[in-house]
Amino acid sequence: MKKLLISICCCLTAGSSMAALQVGATQFEDKLTKEGTELVLNGAGLREIFFVDVYSAGLYLTQKSNDANTVIEMSGPKSVRLVLERDVDAVDFVDALKDGIADNTTEIEREELKTELQSLIAVMNLIGDVKKGDQVDFDFSDKHATSVSVNGKLIGEKIGGLKLYQAVLKIWLGAKPIDTKLKADLLK
């Protein structure tokens, strides 16, 4: 009987720890609702630069996948949530976005997305400096639109379509991700 109670307690403890994933100072819930659609946490990890924690990232999808190309091509709502682990100035944040997209798209793709990329950069400039604890969501909706929110406040909506969102996802999931360990963690 005692062994049975211990086993039950262990199972309950294990089950409750799966309700959320702790990464750095951030707790990522196992589910997130965006525009009435429930998304599940695919994976989460930490972006580090020279052993300095920059942000925690969580990838939410309608269904889990451990394949980067499947996630990038997947239709339907998606969300990448970044939670800052330190202050980052606007220029560095925008430059990292530009570099991540440039590293993972061709010149032709960037030319096709030129207007949408300019809109995304304008939205990122509106955000300005981000502080430790700030939450930045890059969302793709059923309306086939990319949007960005900070701390739950919508900063830019209908910035671009699926191709833009795929370019954004490639920052973390592309052939040359911003951080290979983070890519692996997002695809767990």
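**Figure 1. Contacts across the whole predicted model.** Residues 24 or more positions apart account for 57% of the contacts in the protein with a separation of 6 or more. The model is predicted. The protein has 188 residues, and 48% of them count as buried. Its elements are 7 helices and 9 strands.

Figure 2. Strands of a sheet pair through backbone hydrogen bonds, either parallel or antiparallel. Here the pairing is antiparallel, and the order is β3-β4-β5-β6-β7-β8-β9. β3 and β9 (153-156) stand at the edges. Each of these two has a single partner strand, so one side of each lacks a neighbour in the sheet. From one strand to the next, the twist averages 30°.

Figure 3. β3 covers residues 31-34. β4 covers residues 37-49. The two strands run antiparallel and are joined by 4 bridges. Leu32 has Leu39 of β4 as its bridge partner. In a regular strand the side chains alternate between the two faces of the sheet. In β3, Leu32 and Lys34 make up the covered face. Lys31 and Thr33 make up the uncovered one.

**Figure 4. Lys34, a lysine in strand β3.** Lys34 lies in β3. Is Lys34 buried or exposed? Its relative accessibility is 18%, so Lys34 counts as buried; the cut-off for buried is under 20%. Leaving aside residues up to four places away in sequence, Lys34 touches Leu39, Ser79, Arg81, Asp137 and Asp139. One of these, Leu39, is also the bridge partner of Leu32. Another, Asp139, stands opposite Ser147 in β8.

Figure 5. Most residues other than glycine have a negative phi, and most peptide bonds are trans. Glu35 has a positive phi, near 50°, and is not a glycine. Glu35 sits in the loop between β3 and β4. These strands form a hairpin with 2 residues between them. Glu35 counts as exposed because its relative accessibility is 58%; exposed means over 50%. Phe50 is in the loop between β4 and β5. Phe50 also has a positive phi, of about 50°, although it is not a glycine. At 77% relative accessibility, Phe50 therefore counts as exposed.

Figure 6. β7 spans residues 135-140, and β8 spans residues 146-150. They pair in the antiparallel sense over 5 bridges. Which residue of β8 is the bridge partner of Phe138? The partner is Val148. Asp139 stands opposite Ser147.

**Figure 7. Strand β8, covered on both faces.** How many of the 5 residues of β8 are buried? The count is 5 of 5, and the strand is mostly covered. On one side are Thr146, Val148 and Val150, which are all buried.

Figure 8. β8 and β9 pair in the antiparallel sense over 3 bridges. Val148 stands opposite Gly156 in β9. Val148 is also the bridge partner of Phe138. The hairpin of β8 and β9 has 2 residues between the strands. There, Asn151 takes a positive phi near 50°.

**Figure 9. Helix α6 across the sheet.** α6 is formed by residues 162-173. The helix lies across β5 (52-61), β6 (78-84), β7 and β8. With β6, α6 makes an angle of about 45°.

**Figure 10. Helices α3 and α5 packed together.** Two packed helices are described by the angle between their axes and the distance between the axes. For α3 (residues 90-104) and α5 (residues 114-127), the angle is about 155° and the axes are 9 Å apart. The two helices are therefore roughly antiparallel to each other; angles over 145 degrees count as such. Their crossing is right-handed. α3 brings Phe93, Val94, Leu97, Lys98 and Ile101 to the contact. α5 brings Leu117, Leu120, Ile121, Met124 and Asn125. Of the contact residues, 8 are nonpolar, 1 is polar and 1 is charged.

How values were computed. Residues numbered from 1 in each chain as written. Predicted model: local features only at pLDDT ≥ 70, side-chain atom pairs only at ≥ 80, totals over all residues. Heavy atoms only, no water. Axes fitted to C-alpha atoms, helices over the stretch in contact; angles between N-to-C directions. Parallel < 35°, antiparallel > 145°, perpendicular 65-115°, else oblique. Left-handed = near helix turned anticlockwise from the far one by under 90°. Contact = heavy atoms within 4.5 Å. Nonpolar A, V, L, I, M, F, W, Y, C, P; charged D, E, K, R; others polar. Buried < 20%, exposed > 50% of the residue type's maximum accessible area, 1.4 Å probe, protein only. Pairing = 2+ DSSP bridges.
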